[in-house]
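Please read this short report alongside the sequence and the structure.

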Amino acid sequence: MLFANVLLAASPPDVPGFLIIPFALLIGLIATGPIFFPNFWHHQFKNISVGLGLLVLAYYLFVLHDTHLPAETLAEYASFAILLSSLYIASGGIYINANANATPLINVGILLFGAVIANIIGTTGASLLLIRPFIRLNNHRIKPYQIVFFIFIVSNAGGMLTPLGDPPLFIGFLKGVPFFWTLQHLFTPWALAVGSLCAIFFVLDSRNKEGFTPKAEVKAKIEAKTEFFFTGKRNLLWLAVIIGATFLNPASFDWLPYIPMEGGIKVSFVRELVQLSAAFLCFKFASRTALNGNHFTFDPILEVVFLFFGIFFTMMPALQLSAELASSPEFAAKLTPTVFYWVTGSLSGVLDNAPTYANFLSLGMAKYHLNYANTTQVHDFAYGLGQTPETLLILEAISIGAVLFGAMTYIGNGPNFMVKSIAEQAGVKMPPFFQYMFKYSLIYLLPVLALIWLLVIY
């Protein structure tokens, strides 16, 4: 949430082009490691990711003598890691199980339910709450495409209706975009995305007949009465505390203590302390039945924490260089809603979508000589600046692109990698990085994104 405050003010000529090599190397290893050298990657990915991140960090500190961007990146990463870890722990203590086998229609119902509640508890919260029950219900015929579409719909597209749904939209809310702006202006693309993806999933799932017949004992129980088991209700309260704490932003509430940084930036720590405390108490008093039923371990969240440490720090020069390109006069003149949609979206697929959203919102406002740090001007930009309604369409393009394209790769949005890790822990053989893109994203998701561009943005 802090990146855009400094990206445009940075001095990109001081950032050499070769500094993007660690980021490209890390993405390449994430893509190829599990395929070509799985044992080595499994044992060394933590060292590689952290090492590459520290390498770029050292260059900024000791060669560029820049402490500002690394400090803000660390604050951003800490907020990201603490929120995801807290939600992971809280959801791990909630066990949902139905004595039934899912049909295509039931699966679509679960995905739609996830797409709705993602706007209340966030895509991360909805993903972590539903992924394990979704896998259990489909255990008789679980396939990788089911998890991929879960990522498409619940972990990304679903959270487009409120600022609580997805981190990029929450950044916009904190900066001055009204809370109900997303519901008012993004409902049509949300319905198109979720509806189209659910329809495609239903067709694919209807063809998945292998092992569909339930076991005899399960079938007998289903015919008699479908049993539903839910434990860990107290964790719903902790989940509410963790999500509610996301609003404790010192930039919005002057009474909150904060860590001051250069440029008048207020770095939160109260929010993070509340979330960590809730996570600790949640785990300490969690239902052992729920934890055992979910086969809860810290391995999936540790994988996300280590990999995204490297991603956050190695992508600093990539974000700075892309910001410099986008802010050049020649490029600024070409920044139409279509360009914002595709460029914001493309970068959101390979760079975390939250800082990408912030960066391009700042660029979009700069085109009209508006200040991204001024909440009143952000509000005006959101509703069409005076006689320039194009600003409304630009914000729609940035918002839709950041949210939907976050599903293009495993690293586009925080929940993606976590869902993948949980699925693999449950025994699902998930597609590697490139196979995820070429077998699923480009085939099923990209046409939906193009449809939304034609009907909403173009």
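## Cysteines

A search of the whole structure finds zero disulfides, a disulfide being a pair of cysteine sulfur atoms within 2.5 Å. In general, a disulfide is a covalent bond between the sulfur atoms of two cysteines. Cys198 counts as buried because its relative accessibility is 4%, and Cys282 is buried too, with a relative accessible area of 1%. Buried means under 20% relative accessible area, exposed means over 50%, and partly exposed is in between, using a 1.4 Å probe and protein chains only.

## About the model

This is a predicted model, in which local features need pLDDT of at least 70 and side-chain atom pairs count only at pLDDT 80 or more, while totals for chains, interfaces and linings use all residues. Residues are numbered from 1 along each chain as its sequence is written, and side-chain values use heavy atoms, with hydrogens and water left out.

## The nonpolar core

The largest nonpolar core has 135 residues. A nonpolar core is a set of buried Ala, Val, Leu, Ile, Met, Phe, Trp, Tyr and Cys residues joined through side-chain atoms within 4.5 Å. The residues with the most contacts inside this core are Ile30, Ile147, Phe152, Ile153, Tyr341 and Ile400. Helix α5 (residues 104-137) gives the largest share of the core, 15 residues. Helices (H or I, at least four residues) and strands (E, at least two) are DSSP runs, numbered from the N terminus. In soluble globular proteins, nonpolar side chains tend to be buried together.

What is Ile147 in contact with, leaving aside its neighbours within four places in sequence? The list is Ile131, Phe134, Ile135, Ile142, Val419, Ala423, Val428 and Met430. Contact means heavy atoms within 4.5 Å.

## A kink in helix α2

Helix α2 (residues 21-36) has a kink of about 35° at Ile30, shortly before the proline Pro34. The bend at a residue is the angle between axes fitted to the seven residues ending there and the seven starting there. Buried residues in α2 are Pro22, Phe23, Leu26, Ile27, Leu29, Ile30, Ala31 and Gly33.

## The second largest pocket

The second largest pocket has a volume of about 750 Å³. On a 1 Å grid over the protein atoms alone, a pocket is an open set of points with protein on both sides within 12 Å along at least five of seven lines, and lining residues have an atom within 4 Å of a point. Grid points are joined across faces, edges and corners, and a volume is the space filled by probe spheres set on the points.

This pocket is lined by 26 residues, and Pro34, His42, Glu303, Lys420 and Glu424 lie nearest its centre. At least two lining residues come from each of α2, α3 (38-62), α13 (299-327), α19 (414-425) and α20 (433-457). Which helix supplies the largest share of the lining? It is α3, with six residues.

Phe308 is in helix α13 and is buried, with a relative accessible area of 0%. Apart from its neighbours within four places in sequence, Phe308 is in contact with Tyr77, Phe80, Asp352, Ile411, Gly414 and Phe417. Phe308 and Val378 are 70 residues apart in sequence, and their C-alpha atoms are 29 Å apart in space.

Ser421 is in helix α19. Ser421 is buried because its relative accessible area is 5%. With neighbours within four places in sequence left aside, Ser421 is in contact with Pro300 and Glu303.

## Loops and exposed residues

His65 lies in the loop between α3 and α4 (68-92). Its phi is near 55°, a positive value in a residue other than glycine. Most residues other than glycine have a negative phi. Is His65 buried or exposed? His65 is exposed, because its relative accessible area is 64%.

Arg207 is in the loop between α8 (181-206) and α9 (216-224), and at 65% relative accessibility Arg207 counts as exposed. Arg207 and Pro104 are 103 residues apart in sequence and 9.1 Å apart in space, C-alpha to C-alpha. Glu330, in helix α14 (residues 329-332), is exposed, with a relative accessible area of 57%. Ala100, in the loop between β1 (95-98) and α5, counts as buried at 17% relative accessibility.

Conventions. 1 Å grid on protein atoms, 1.4 Å probe; cavity = no way out; pocket = protein on both sides within 12 Å on 5 of 7 lines; lining within 4 Å.
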